[in-house]
Amino acid sequence: MAKQLRTKPGAERAPFRPDVILRFEVMTTDKGGVPADGQEESESEHSLKLLDFMFASMPERKRMTVKDFLKHNQVRVNGNITRQFDEALYPGDIVEINTSREFQTLDSKRVSIVYEDDDILVVNKGYGLLSVASDTGRKRETAYSILRDYLKRVDPRQKLFIVHRLDQHTSGLMMFAKSAKAKDTMQHNWNNMVLERRYLAVVEGRPEPASGIVDTLLAENSEHVVYSTDDSSAGKRAVTEYRTLRSGQGYSLVELSLATGRKNQIRVHMHDLGCPIAGDRKYGAKSSPIHRVALHAMTLRFVHPITRKDMNFSTPVPTPFARCVGGYKAPAEK
């Protein structure tokens, strides 16, 4: 007796086929030329155009096919999708070409991908979004759930792992792991792997002194309020370095670097200075000029858990933050 089909003939789900992605590392941009009249080459002359690199890396493919990869969002440079044929490449850059289909993109107003490879995701999380689900049992959209659903569309087998968290009231850069090995490496060596974490905050008043270090012991009470204490048996050491970038209109724009990563560390330390973060009523703020806690994770620099490369990501100063102090333009890097 023939086995009865549970679905209509031909309606069986096709097996998943992973994308075929070619990866090329830019080893050199030297074209063999010699500067004329002893003149130094410009920075642009030390780069290689993306399309030229793709032609050279895939000589067996038709030039029109290679151009179509760019046209149809099938090319990533250093984890970012690009269609710019003349994008400058430098030694160490990674070019990925998906020969199966276009790279999937994340369509979300609450979180955006800054960098992605086989092992990690670096994202810019919006304000008010939980990093992961809380213990209340209430189902809510989180950065984790948004990214997990995105990865499942790319590959149903793909997993996502938590590496660290950003407070719901903090926007900015955070990372996730796409492999257990990457997660374990980062979490077990966090203090050595993370090279720099910088935040921006708009605080009430003007910190005195304008820059310095806050070094206290932090404890948490039964109402989940974190506070500084002198009791070494109850608190854990927290160290925050701060620098005032600009003051105006009753507020100050402050850059903060973390030597430790305690819960609500920056919020408590700004309160201790007598300059609570604007909008942070939990820790003493009296005003909310941008209708949120004005805290943003601006810079995240770490050692890649697999490749061991130096990964350095930064975001611009949020426009609402700059407006609070009457405008601010970051100085050009030397």
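**Entry 1: helix α2**

I began with helix α2, residues 63–71, in what is a predicted model. Which residues of α2 are buried? I found Val 66, Phe 69 and Leu 70. Buried means under 20% relative accessible area, exposed means over 50%, and partly exposed is in between, with a 1.4 Å probe and protein chains only. I looked down the axis of α2: the buried residues fall within an arc of 100°, so they line one face of the helix. The arc is taken from the directions that run from the helix axis to the C-beta atoms. An α-helix has 3.6 residues a turn, so residues three or four places apart point the same way.

I then turned to the other side of α2, where Met 64 and Lys 71 are exposed. The cover over the buried residues includes α1 (50–57), β3 (75–77) and β6 (94–98). Just after α2, I noted that Asn 73 has a positive phi of about 55°.

My element names follow DSSP runs, numbered from the N terminus: helices are H or I with at least four residues, strands are E with at least two.

**Entry 2: ground rules**

I count residues from 1 along each chain as its sequence is written, and side-chain values use heavy atoms, with hydrogens and water left out. As the model is predicted, local features need pLDDT of at least 70 and side-chain atom pairs count only at pLDDT 80 or more, while totals for chains, interfaces and linings use all residues.

**Entry 3: strands**

I traced an open sheet of four strands in the order β1-β6-β3-β4, with antiparallel pairing. Two strands pair if DSSP finds at least two bridges between them. Which strands are at the edges? They are β1 (21–25) and β4 (80–81), and each pairs on one side only. Between β1 and β6, I found five bridges, and the two run antiparallel. Phe 24 stands opposite Val 95 in β6.

Next I looked at β7 (residues 111–116) and β8 (residues 120–125), an antiparallel pair with five bridges. A hairpin of three residues joins β7 to β8. Glu 116 has Leu 121 in β8 as its bridge partner.

I looked up the largest pocket, which holds about 910 Å³ of space. It has 29 lining residues, and Arg 165, Leu 166, Asp 167, Lys 263 and Asn 264 are the closest to its centre. A pocket here is an open set of points on a 1 Å grid over the protein atoms alone, where a 1.4 Å probe fits, with protein on both sides within 12 Å along at least five of seven lines; lining residues have an atom within 4 Å of a point. A volume is the space filled by probe spheres set on the points, which are joined across faces, edges and corners.

Which element gives the largest share of this lining? For the largest pocket it is α6, with three residues.

The second largest pocket has a volume of about 390 Å³. I counted 20 lining residues, with Ile 94, Tyr 115, Asp 117, Thr 307 and Lys 309 nearest its centre. β1, β6, β7 and β17 (310–314) each give two or more residues to the lining of this second largest pocket.

**Entry 4: Asp 280**

I ended with Asp 280, in the loop between α6 and β16 (295–303). Is Asp 280 buried or exposed? It is buried, with a relative accessible area of 1%. Leaving aside neighbours within four places in sequence, Asp 280 is in contact (heavy atoms within 4.5 Å) with Arg 267, Ala 285 and Val 293.
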